[in-house]
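I record what I looked up, entry by entry.

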Amino acid sequence: MTGAMSNDSTTDQLHLPDLSITNFRGIEDLTIPRLGRVTLITGRNGVGKTTVLEAVRVYAARGRSRLLDEMLWRCEEFVGALDEDDDPEIIPDFKALFYGREPEQGSAISIGPRNEHAALTIQLLAPSVWTKEQPELFPDFNTDDDVWALKIRFRESERTLPWLAIDEFQSAQARRRPPRRIWNRWATEGWPEPTNCQTLGPGLMHTQELAGLWSNVALTEEEDRATEALQLLQDGIERIAIVGSAQRMRQSQRVIVKFAGQGSPVPLKSLGDGAVRIFGVALALANSQNGFLVIDEAENGIHHTAQRDFWRLLLRTAQRNNVQVLATTHSWDCVAGFARAACELDDVEGVLVRLEEDEDGLRAVEYTESDLAVAAEQRIEVR
């Protein structure tokens, strides 16, 4: 089925009009035939919703090693190793990037649009298939039998990165990490620029994160829009500011809010998780212009009565800022609010996708505009 809010003019501007993921994390093979300006993804726990968001982040970063490291550390995917001085350390376990966690020579991850030329690929290479130049990456290792590498390809660019030197006859502590100077140099020099991608959820943003995003919008129109976003939850909000210094131990930073008719401002956090969540979304939208915003568990902190207004704000701002948003949810109220908002805004493409598994594997089920309207009205289960 086609996605809701069909509008070809917006689809042409999207970084990902559709999405194909192969051999990445918990997803063996998945195709989402159509993505919108805003795409809401539903499905049961463990089906792969968050993995889709991770895949989009990897695609936007063009496979940069810093993001791969961050992603693996967050999931506590690491192994013991030896550094270049033979001292023990813990490093990210790149096997966990591959479906099944036991990649072999030639195993490849593919993420991107269904047009294979535009996809990002990450392939595991053994020394037996290396070019003559690739052993130069590992001058300190015996490249005859113990060093593997990751070949990352995006469009016309290709890069081979060191992975680990592993002696299968020794303990895990025999794994060696290539020197950081080699990894960092080959990970960034001459590589295609990443696409801007902001990430939210499932928890709330820390004040330091909010402050960093706020510094980019202060005294601009986006500051006014962040204030308007908070007014969805609380009437009478006039101004927002961030006070304090992150450099001073005794005075932490705080987001404060000024209400009309009140002499003293109040901390944003005193207004509840919903206020912090909506403020974070508004700032993330402002900071992800011409890029991506991915939101895990979008319903968190948002009361059911505010869901439709929340999604109207998100859909309109994403269109204005040329941001492509992908979000996940478990909540019926979130789905219903999204459905109503998407059906009301004819000029913005909102798509609802449900991930489900059957005997043929993982598949994406899309919902049309009429499907969304009926589902919201009659509370038909689409999660």
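**Entry 1: the sheet**

I began with strand E12 (residues 254-259), which runs antiparallel to E13 and is joined to E13 by two bridges. The model I am reading is a predicted one.

I then looked up the sheet as a whole. The sheet is open and has three strands, in the order E11-E12-E13, with antiparallel pairing. I recorded strand E11 (237-243) and strand E13 (266-267) as the edge strands, each of which pairs on one side only.

Next I looked for a helix on this sheet. Helix H5 (residues 207-214) packs on the sheet and touches E11 and E12. I noted that the direction of H5 makes about 110° with that of E11.

**Entry 2: the helix pair**

I turned to helix H6 (residues 221-230) and helix H7 (residues 273-287), whose axes come within 9 Å. How are H6 and H7 oriented to each other? I found that their axes cross at roughly 150°; angles over 145 degrees count as roughly antiparallel, and H6 and H7 are therefore roughly antiparallel to each other.

I then listed the residues that make the contact. H6 contributes Glu222, Ala226, Ala229 and Leu230. From H7 I recorded Ala275, Ile278, Phe279, Ala282, Leu283 and Ala286. By class, I sorted the residues of this contact of H6 with H7 into nine nonpolar, one charged and no polar.

Terms used
Residues numbered from 1 in each chain as written. Predicted model: local features only at pLDDT ≥ 70, side-chain atom pairs only at ≥ 80, totals over all residues. Heavy atoms only, no water. Axes fitted to C-alpha atoms, helices over the stretch in contact; angles between N-to-C directions. Helix = DSSP H or I, 4+ residues; strand = E, 2+ residues; numbered from the N terminus. Parallel < 35°, antiparallel > 145°, perpendicular 65-115°, else oblique. Contact = heavy atoms within 4.5 Å. Nonpolar A, V, L, I, M, F, W, Y, C, P; charged D, E, K, R; others polar. Pairing = 2+ DSSP bridges.
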